[in-house]
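Please examine the structure shown below together with its sequence. The paragraphs that follow describe its cross-links and then its strand pairing.

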Amino acid sequence: MKNSFFFFLFFFLFLSCDKNTPQRNPYLPEARFKTKINLSLPLYEKLKNYSLSPVFLDNVGLRGIVVINVGGTIFARERACPNHPLSDCSRMEVNDNRYFICPCDNIVYDMAIGVPVKGKSNYSMLDYRVSREGDILTIYN
């Protein structure tokens, strides 16, 4: 009885593995960091009050991050090009405060949703975790 329980448990776990699980981006290594920003400070206040007003933090992540309020939800995304290994050209440039362009291949990514909108890329922009307690945002990986 005990052996059959473990057999069914193993069998269930084996079948529940999703073969379509997205694979980690092989071009971007893990960036271990934790940073806090205070939304009541003038520099970051627009994140609290305005949608689609990005704030750039250059001292964290792989090539800096962009923090953006999208309809009341705050996201933090990596500025390293997701379709290339880290190199001199792999820091995305801002276009119209709404798009990023990877100088390596000119693929255009929508800053708000993090996906390519012009050009072909196998990967979306890398997202970081964001938690909020009052006016303090903690961004980490």
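Cys104 has a relative accessible area of 26% and is therefore partly exposed; here buried means under 20% relative accessible area, exposed over 50%, and partly exposed in between, computed with a 1.4 Å probe on protein chains only. This is a predicted model, in which local features need pLDDT of at least 70 and side-chain atom pairs count only at pLDDT 80 or more, while totals for chains, interfaces and linings use all residues. Residues are numbered from 1 along each chain as its sequence is written, and side-chain values use heavy atoms, with hydrogens and water left out.

The partner of Cys104 is Cys89, and the two form a disulfide with sulfur atoms 2.0 Å apart; a disulfide is defined as a pair of cysteine sulfur atoms within 2.5 Å. The link of Cys89 and Cys104 is right-handed, with 110° about the S-S bond. Cys89 lies in the loop between S4 and S5 and Cys104 in the loop between S6 and S7, so this pair ties together parts that are 15 residues apart in sequence. Strands (E, at least two residues) and helices (H or I, at least four) are DSSP runs, numbered from the N terminus. Cys89 is also partly exposed, because its relative accessibility is 29%.

The structure holds two disulfides. Another one joins Cys81 to Cys102, with an S to S distance of 2.2 Å. The torsion about the S-S bond of Cys81 and Cys102 is about 110°, so this disulfide is right-handed. Cys81 is found in the loop between strand S4 (73-78) and strand S5 (93-95), and Cys102 in the loop between strand S6 (99-101) and strand S7 (108-110); the pair therefore ties together parts that are 21 residues apart in sequence. Cys81 counts as buried because its relative accessibility is 0%, and Cys102 counts as buried at 1%. When the bonded cysteines of the chain are numbered in sequence order, the pairing reads 1-3, 2-4.

Strand pairing comes next. Two strands pair if DSSP finds at least two bridges between them. S4 and strand S9 (residues 127-133) run antiparallel and are joined by two bridges. Within this pairing, Arg77 has Asp127 in S9 as its bridge partner. S9 is in turn joined to strand S10 (residues 136-140) by five bridges, and these strands run antiparallel. Here Arg129 has Tyr140 in S10 as its bridge partner. The hairpin of S9 and S10 has two residues between the strands, and Gly134 takes a positive phi near 65° in this hairpin.
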